[in-house]
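This briefing covers helix packing, sheet order and salt bridges in the structure below. Please read it alongside the coordinates.

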Amino acid sequence: MAIEKVRAYFAAYGMADRILEFDESSATVALAAQALHCEPCRIAKTLSFLVDGNPVLIVAAGDVRIDNRKYKAYFGTKAHMLSAGEVESMVGHAVGGVCPFAVKPEVTVYLDDSLKRFGTVFPACGSANSAIELTVDELERYAGCRGWVDVCKAAE
């Protein structure tokens with residue numbers, strides 16, 4: 001189970017006890033915000049794309065959407081989201097629990113600038129009923145990201 005991989009990942013940093021699990025689903029931004037009693041914008045959603053045949057994850061604030069023009073300018077191709085089956089097989093987590101932690105080695109992770117406006121955010125932890133609260137600096141450190149990108153529309 002993917003949450004166990006994420007738990008083992010964070011255990012290596014002495015942080016497994018920070019993972020939150022809920023009785024209810026946190027599989028969408030709205031459900032996660034409800035489970036965490038926070039604003040939807042503070043949910044760090046992980047979006048899965050295919051770029052040049054390789055999986056790419058973009059972690060963004062819960063209240064933003066991909067800007068196709070910015071995405072194409074950065075990646076040199078149109079945004080092509082992975083199907084649910086592709087996400088699990090290529091990334092290692094099922095839709096609803098996708099996160100940048102304990103992913104397959106060929107996955108490249110980017111963080112979107114939309115996250116920089118928060119002190120802490122809540123990414124999932126590999127299951128449809130989990131999350132962890134991290135500072136943006138912690139997210140950058142533990143996500144193993146290649147870097148920051150600006151590929152989302154401004155929050156409304």
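Helices (H or I, at least four residues) and strands (E, at least two) are DSSP runs, numbered from the N terminus. The model is predicted: local features need pLDDT of at least 70, side-chain atom pairs count only at pLDDT 80 or more, and totals for chains, interfaces and linings use all residues. Residues are numbered from 1 along each chain as its sequence is written, and side-chain values use heavy atoms, with hydrogens and water left out.

**Helix H2**

- Buried means under 20% relative accessible area, exposed over 50%, and partly exposed in between (1.4 Å probe, protein chains only).
- In helix H2 (residues 29-36), the buried residues are Val29, Ala32, Ala33, Ala35 and Leu36.
- Viewed down the axis of H2, these residues fall within an arc of 165 degrees, so they line one face of the helix; the arc is that of the directions from the helix axis to the C-beta atoms.
- Exposed Ala30 and Gln34 sit on the face of H2 turned away from its buried side.
- The cover over the buried residues of H2 includes strands S1 (19-21), S2 (43-51), S5 (120-123) and S6 (130-132).

**Sheet**

- Six strands make an open sheet of mixed pairing, in the order S7-S5-S2-S3-S4-S8; two strands pair if DSSP finds at least two bridges between them.
- At the edges are S7 (134-135) and S8 (147-149), each of which pairs on one side only.
- S3 (residues 54-61) and S4 (residues 108-112) are paired in the parallel sense over four bridges, and Ile58 has Tyr110 in S4 as its bridge partner.
- Helix H3 (residues 68-75) packs on the sheet and touches S2, S3, S4 and S8, where contact means heavy atoms within 4.5 Å.

**Salt bridges**

- The whole structure holds seven salt bridges, each a side-chain nitrogen of Lys or Arg within 4 Å of a carboxyl oxygen of Asp or Glu.
- Glu4 and Arg7 form one of them, with the closest N and O atoms 3.5 Å apart; both lie in helix H1 (residues 2-11), three residues apart, about one turn of the helix.
- Arg42 and Glu133 meet in a salt bridge at 3.4 Å, N to O.
- Arg42 is in the loop between H2 and S2 and Glu133 in the loop between S6 and S7, so the pair ties together parts 91 residues apart in sequence.
- Lys70 and Asp150 meet at 3.1 Å, N to O, linking helix H3 with the segment after S8, 80 residues apart.

How values were computed. Axes are lines fitted to C-alpha atoms, for helices over the stretch in contact, and angles run from 0 to 180 degrees between N-to-C directions.
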